[in-house]
Amino acid sequence: MIKVGLTGGIGSGKSTVSNMLKEKNIPVIDADIISREVLSIYPEILHKIEDTFGSQFIDSEGKLKRRELGNYIFKSDELRKKLEDIIIPYIKKEIFKRINEYDKVGESLCIVDAPTLIEHSIHKNMDINILVWVSEGIQISRVKNRDNLDEEQVLNRIRSQIPLNKKKDEVDFIIDNSGSIERTREQLENILKKIMQFREE
């Protein structure tokens, strides 16, 4: 089974590409979904978050206040790293568990969709990596409109990740998602053809 990492930055349109892959019935392991699910699978994560950051980020039902915690930690590299040190090992564990499950049932291709694929070195365990790229200006505009954030909040989130231009050096294929949906789909189709050729070799 070929393991393909799919990454991008906030507002790059990675989810659009991920949905195109799902439409083709290609298995997609979504790290953002897993980051929510691990809180239920491994209840000790919430206890560690509460011990580290305080009970103000846990609601009356015992669930994580994601937006409040996000706004708090994105201002500080140190705070963000503390949260990542708690949650990332569980996310990685779950990602590789699901990769093995798809491999066992005989899938030929599996996508790991992760915004911080490179930041957390998951790309090193993939056979091929794809970056969904746009300019920083487009990122800022899209996220401001989508998430109703001001420019400073958006920039805090963008700068919490490796810049997209630097990520280009770590991947095998780049999808320029600054044009039309049709152009993005065309680029993806060409990449998938090359990946299947790689598999046949």
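A residue counts as partly exposed here when its relative accessible area falls between the buried range, under 20%, and the exposed range, over 50%. Keep that scale in mind as we walk through this predicted model.

**The annotated binding site**

Let's start with S15, a residue of helix α1. Its relative accessible area is 44%, so S15 is partly exposed on the scale above. T16 also has its place in helix α1, and at 29% relative accessibility T16 counts as partly exposed too. Both residues belong to a stretch that an unreviewed UniProt entry annotates as "binding site", covering G11, S12, G13, K14, S15 and T16. Of these residues, G11, S12, G13, K14, S15 and T16 are included in the lining of the largest pocket.

**Aromatic rings and a charge over a ring**

How many aromatic pairs does the model hold? The count comes to three. One of them joins F53 and Y72 in an edge-to-face arrangement, with 6.5 Å from centre to centre and 85 degrees between the planes. F53 lies in helix α3 (residues 44-53) and Y72 in helix α4 (residues 66-73), so this pair ties together parts that are 19 residues apart in sequence.

Elsewhere, a lysine meets a tryptophan. The charged end of K168 sits over the ring of W133, at 4.5 Å from the ring's centre.

**Two asparagines with positive phi**

Two loop residues are worth a look on your screen. N25 is found in the loop between α1 (14-23) and β2 (28-30), and N148 has its place in the loop between α6 (136-147) and α7 (151-158). Phi of N25 is near 60 degrees, a positive value in a residue other than glycine. N148 is likewise a non-glycine residue with a positive phi, near 55 degrees.

Are these asparagines buried or exposed? N25 is exposed, with a relative accessible area of 69%, and N148 counts as exposed at 69% relative accessibility.

**Accessibility at a glance**

Here are the residues discussed above, side by side.

| Residue | Relative accessible area | Class |
|---|---|---|
| T16 | 29% | partly exposed |
| S15 | 44% | partly exposed |
| N25 | 69% | exposed |
| N148 | 69% | exposed |

Technical notes
Residues are numbered from 1 along each chain as its sequence is written. This is a predicted model: local features need pLDDT of at least 70, side-chain atom pairs count only at pLDDT 80 or more; totals for chains, interfaces and linings use all residues. Side-chain values use heavy atoms; hydrogens and water are left out. Rings of Phe, Tyr and Trp (its six-membered ring) pair if their centres lie within 6.5 Å; planes under 30 degrees apart count as stacked, over 60 as edge-to-face and the rest as tilted. Helices (H or I, at least four residues) and strands (E, at least two) are DSSP runs, numbered from the N terminus. A charge sits over a ring if NZ of Lys or CZ of Arg is within 6 Å of the ring centre and within 35 degrees of the ring normal. Buried means under 20% relative accessible area, exposed over 50%, partly exposed in between (1.4 Å probe, protein chains only). UniProt positions are given in the numbering used here, feature names are shortened, and annotations may be inferred rather than shown by experiment. On a 1 Å grid over the protein atoms alone, a cavity is a set of points where a 1.4 Å probe fits but cannot get out, and a pocket is an open set with protein on both sides within 12 Å along at least five of seven lines; lining residues have an atom within 4 Å of a point.
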